[in-house]
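Here is a friendly tour to read alongside the coordinates.

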Amino acid sequence: MQKYSIFNLIKNAFSNHINWDLAWKDPTPKKEYDVVIIGGGGHGLATAYYLAKEHNITNVAIIEKGWIGGGNVGRNTTIIRSNYMHDDNALFSEFGMDLWRKMSQDLNYNVMFSPRGIINLAHSDAQMNVYARRGNSMRLNGIDAVLLNREQVKEVIPMADFSDNVRFPIFGGLMQPSAGTARHDAVAWGYARQADSMGVDIIQNCEVTGFDLEGGKINGVRTSRGNIKVKKIGLCVAGSTNILAEKLNMTLPVETHLLQACVSEPVKPVLDKVVTFGAGHFYISQSDKGEMVMGGDLDGYNSYAQRGNLPTLQHVLTEGIAMMPFLSKLKMLRTWGGIMDMSMDGSPIIDKTHIEGLYLNCGWCYGGFKATPASGWTFAHTIAQDRVHKLNAGYSLNRFNTGHLLDEKGLGTKTWIS
Amino acid sequence: MLHIKCPHCGMRSQNEFSYGGDASVKRPKLNQEISDQDWDNFVYNRKSLRGKHLELWHHLSGCRQWIKVERDTSTHEIFRTMKANEDNS
Ligand SMILES: Cc1cc2nc3c(=O)[nH]c(=O)nc-3n(C[C@H](O)[C@H](O)[C@H](O)COP(=O)(O)OP(=O)(O)OC[C@H]3O[C@@H](n4cnc5c(N)ncnc54)[C@H](O)[C@@H]3O)c2cc1C
Ligand SMILES: [Zn+2]
């Protein structure tokens, strides 16, 4: 594999950059693999990479129905954080933060990780108390957290509405300075390129249509480009999880919903943090190109449409303008949507299943981009060793049966209903 | 914007409704042995169908009745709407 470096960049400039190697090949599926990963999103690609790198398992195929990075990994707003209260979520995410910090070097691909900090705004005394508690829990787990008062928030984001007559005055906020953003496409491409170079087959335009079982065990997978024999399958299809689960007669504690995001026209640098509104669902950051990147609520009803509806967008942007009035002056450049695997307690599932050889990775809700490296790392471990790692032990499927829910926000089932 | 025909009030904008999820889910009958699995299926597990999906909506800013709507989850086409106590079949 050609290394990406300043010297290679200069060298290739002399030949107008037409001699670069392809970043990954376009193989035809083999008859048999040791492991098949279904879904070429961030999690599938990362899983294949860590299978090869950490476990030396390279006879692996990633099967993607469209193109890699065309799903949620290419549609998200790239917020990376570990500001969780519960141990299982906090330790898993903080392990991921460490992988993020090393990712560009590790993958020899600039993922533009930008640890610019995230601020969750508080709009009441009660909310400040809740944030203080969460911040303390984070610090006990070794995660950086700073509770800011109103004046301190004002110093960092003076463009927020600090006037007196607002419906949701800013009381302060909880900041995780080490949180940030990264370039989502680069994450997918970086993992793909490295996985490919270690022998993983990335098979695009190939849809998984069914499974072959023998004596209750996985024996193969059926695809639009033929049948493949395989004993271990990692299911990593985010918003399409229920569709494939149905083919295995499984009903899961997951529902598919649509989440929208949008960007404004690019403007000069104004905001160097990620900021979330505390009285509703709205968050914002500014991209390197200058666009304000914004998102918020789900559309609210089951959807596989991959495109959103106006009422929700209007509602979300109303919150945005309440928080930062200058946004009303900006023109909207683009809106889009992705289909989310919403789990019933808001936390993901990375586990084995009752079917031998079938491994499940789903339930990422709005927060699966930040989890990409840790999810890939732990899922690869779970598949390779046929047992969960302690980092993903809390993300079990049977927690819904035993009552050990990971209900970070204390909202009960259907955490997305507000 | 969805337009939902409330069986009580007629065609209304989506903004008047709130969503109640899969209408085919049945609460286990009381006064009989109920397995954990039955409760799981009621509380957590969902088919989340792509295509025709029978679901509950609440006409919150209208007659405040719960209704059933049969909608395609990938095209948002609405095939029919019913009162909550009407049969699905
Ligand atoms: C608008 C929006 C904003 C978001 N913002 C954030 C954020 O700020 N921070 C954050 O952490 N997370 C965010 N998320 C969530 C995050 O993007 C997802 O949780 C995460 O990307 C899901 O994992 P993935 O990358 O593997 O999924 P995907 O990229 O969706 O990968 C799944 C892949 O499976 C493929 N597939 C499906 N069915 C089949 C089949 N039958 N055969 C073969 N392939 C199949 C799909 O084509 C797809 O490429 C956001 C999501 C959206 C939509
Ligand atoms: Zn009505």
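What follows is a short briefing on two ligand sites, one chain and a few individual residues.

This is a predicted model, in which local features need pLDDT of at least 70 and side-chain atom pairs count only at pLDDT 80 or more, while totals for chains, interfaces and linings use all residues. Residues are numbered from 1 along each chain as its sequence is written, chains are lettered from A and ligands numbered from 1 in the order in which they are written, and side-chain values use heavy atoms, with hydrogens and water left out.

**Around ligand 1**

- Ligand 1 has 37 residues around it, and A:Glu64, A:Asn72, A:Thr77, A:Tyr366 and A:Lys370 come nearest; a residue is near if one of its heavy atoms lies within 4 Å.
- A polar side-chain atom of A:Glu64 sits 2.6 Å from an oxygen atom of the ligand.
- Backbone N or O atoms also approach ligand oxygen atoms, at 3.4 Å from A:Thr78 and at 3.0 Å from A:Ile79; a polar contact is a pair of N or O atoms within 3.5 Å.
- On its own ligand 1 has 1000 Å² of accessible area, of which the protein covers 95% (Shrake-Rupley method, 1.4 Å probe).
- Helix 2 (42–55), strand 13 (254–264) and strand 17 (332–343) of chain A are the elements giving two or more residues to the shell; helices (H or I, at least four residues) and strands (E, at least two) are DSSP runs, numbered from the N terminus.
- Strand 13 of chain A gives the most, with 3 residues.
- The shell divides into 18 nonpolar, 14 polar and 5 charged residues; Ala, Val, Leu, Ile, Met, Phe, Trp, Tyr, Cys and Pro count as nonpolar, Asp, Glu, Lys and Arg as charged, and the others, Gly among them, as polar.

- For comparison, the ideal angle for four tetrahedral donors is 109.5 degrees.
- B:Cys6 is buried at 1% relative accessible area, whereas B:Cys9 is partly exposed at 26%; buried means under 20%, exposed over 50%, and partly exposed in between (1.4 Å probe, protein chains only).

**Chain B overall**

- Chain B has 1 helix and 6 strands, running β-β-β-α-β-β-β from the N terminus on.
- Its C-alpha trace spans about 45 × 25 × 25 Å along the principal axes.
- Of its 89 residues, 36% count as buried.

**Loop residues to look at**

- A:Gly70 is in the loop between strand 2 (60–63) and strand 3 (79–80) of chain A, and counts as buried because its relative accessibility is 16%.
- A:Ala238, in the loop between strand 12 (232–235) and helix 7 (241–247) of chain A, has a positive phi near 45 degrees and is partly exposed at 24%.
- B:Arg64, between strand 4 (52–58) and strand 5 (66–72) of chain B, has a positive phi near 65 degrees and is exposed at 53%.

How values were computed: Polar contact = N/O pair within 3.5 Å; in protein donor to acceptor, adjacent residues only side chain to side chain.
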